[in-house]
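Trainee: Please walk me through this structure, one feature at a time. I want to learn how to read each kind.

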Amino acid sequence: MLKSGLIEIGSHTITHPNLLKLDYNSSKEEIEKSKEILEKITGKKIYGFRPPREEIDKNMAKILRESNYKYVMEKTKPYLLPKQEYNDLITIPRHGTDDYIYLMNLDWDKKQILNNIIQETKMLTSLNGLYTLSVHTHLLSYKSNIDVTIKY
């Protein structure tokens with residue numbers, strides 16, 4: 001998928017903790033180590049971060065800037081396009097439905113999940129918006145749902 005040029009890999013921490021409940025150094029380690037591992041695996045710079053639970057605070061924004069992230073994908077916002085909500089860090093509001101919601105609500109039905117993703121993409125791109133589907137690979141791979149991303 002990375003080779004297609006259509007997918008960008010972003011960071012999401014190492015152990016998926018609630019970063020807002022961690023001290024500064026623990027949050028920094030989760031954020032920086034995840035980026036380091038992904039850059040080593042992909043051979044590409046990682047610029048995007050999506051915090052677990054899509055929550056961000058000023059400390060986390062500071063760590064992201066210090067770690068050379070360029071943007072953070074946050075929860076749904078009242079605006080459609082990315083904007084600089086934190087100094088030197090772009091906020092991309094989430095538009096696509098979370099993969100976990102799809103998998104649970106659509107009862108792992110690959111065809112229906114794929115159709116919903118395509119429908120959301122068409123709607124958002126028609127508005128000149130970014131389509132941001134957050135994909136947890138460990139959830140998507142259950143019951144062969146990795147097939148959804150291959151077909152998409």
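Mentor: Start with a single side chain. Lys62 has a relative accessible area of 37%, so it counts as partly exposed. The middle class lies between under 20%, which is buried, and over 50%, which is exposed. Keep in mind throughout that this is a predicted model.

Trainee: Which residue forms a salt bridge with Lys62?

Mentor: First, the general idea. Side chains of opposite charge can pair when their charged atoms come close. Here, Lys62 pairs with Glu66, and the closest N and O atoms are 3.2 Å apart. Both sit in helix H2, 4 residues apart, so about one helical turn separates them. Glu66 is partly exposed too, at 39% relative accessible area.

Trainee: Which residues do salt bridges that share partners join into one network?

Mentor: Lys28, Glu32, Lys62 and Glu66. One of the links is a salt bridge between Glu66 and Lys28, at 3.1 Å from N to O. Glu66 belongs to helix H2 and Lys28 to helix H1, so this pair ties together parts that are 38 residues apart in sequence. Lys28 is partly exposed, with 23% relative accessibility.

Trainee: How many salt bridges does the count come to?

Mentor: It comes to 5. Another of them joins Lys33 to Glu36, with the closest N and O atoms 3.4 Å apart. These two are 3 residues apart in helix H1, so again about one helical turn lies between them. Lys33 is partly exposed at 36%, and Glu36 is partly exposed at 48%.

Trainee: Now the overall layout. How many helices and strands are there in the protein?

Mentor: There are 6 helices and 4 strands. Along the sequence they follow the pattern α-β-α-β-β-β-α-α-α-α.

Trainee: Which residue is the bridge partner of Tyr71 in E4?

Mentor: Ile90. Gln84 also stands opposite Ile90. Tyr86 has Leu89 as its bridge partner in E4. In a regular strand the side chains alternate between the two faces of the sheet.

Trainee: How many residues lie between E3 and E4 in their hairpin?

Mentor: 2 residues. One of the turn residues is Asp88, with a positive phi of about 55°.

Trainee: Is E4 largely enclosed or open to the outside?

Mentor: Count its buried residues. 4 of the 5 residues of E4 are buried, so the strand is largely enclosed by the rest of the structure. Across the protein, buried residues make up 41% of the 152 residues.

Trainee: Is Ile56 buried or exposed?

Mentor: Ile56 is buried, at 13% relative accessibility. It is found in the loop between strand E1 and helix H2. Leu20 is 36 residues away in sequence, but the C-alpha atoms are 7.3 Å apart in space.

Trainee: Which residues form a nonpolar patch on the surface?

Mentor: Ile14, Ile37 and Ile41. Together they have about 290 Å² of accessible area. Ile41, in helix H1, is exposed at 67% relative accessible area. The whole protein exposes about 9,300 Å², and carbon and sulfur atoms supply 53% of that.

Trainee: Last topic: confidence. Which element has the lowest mean pLDDT?

Mentor: Helix H5, residues 137–140, with a mean of 52. H1 has the highest, at 93. The protein averages 77, and 70% of the residues score at least 70. Where pLDDT is low, the predicted coordinates should not be read in detail.

Conventions
Residues are numbered from 1 along each chain as its sequence is written. This is a predicted model: local features need pLDDT of at least 70, side-chain atom pairs count only at pLDDT 80 or more; totals for chains, interfaces and linings use all residues. Side-chain values use heavy atoms; hydrogens and water are left out. Two strands pair if DSSP finds at least two bridges between them. Patches are made of residues with over 30% relative accessible area and no salt bridge: like charges are joined within 9 Å, nonpolar side chains (Val, Leu, Ile, Met, Phe, Trp, Tyr) within 5 Å. Accessible areas come from the Shrake-Rupley method with a 1.4 Å probe; for residues, only the protein chains shown count as cover. A salt bridge is a side-chain nitrogen of Lys or Arg within 4 Å of a carboxyl oxygen of Asp or Glu. Buried means under 20% relative accessible area, exposed over 50%, partly exposed in between (1.4 Å probe, protein chains only). pLDDT is the predictor's confidence in each residue, from 0 to 100.
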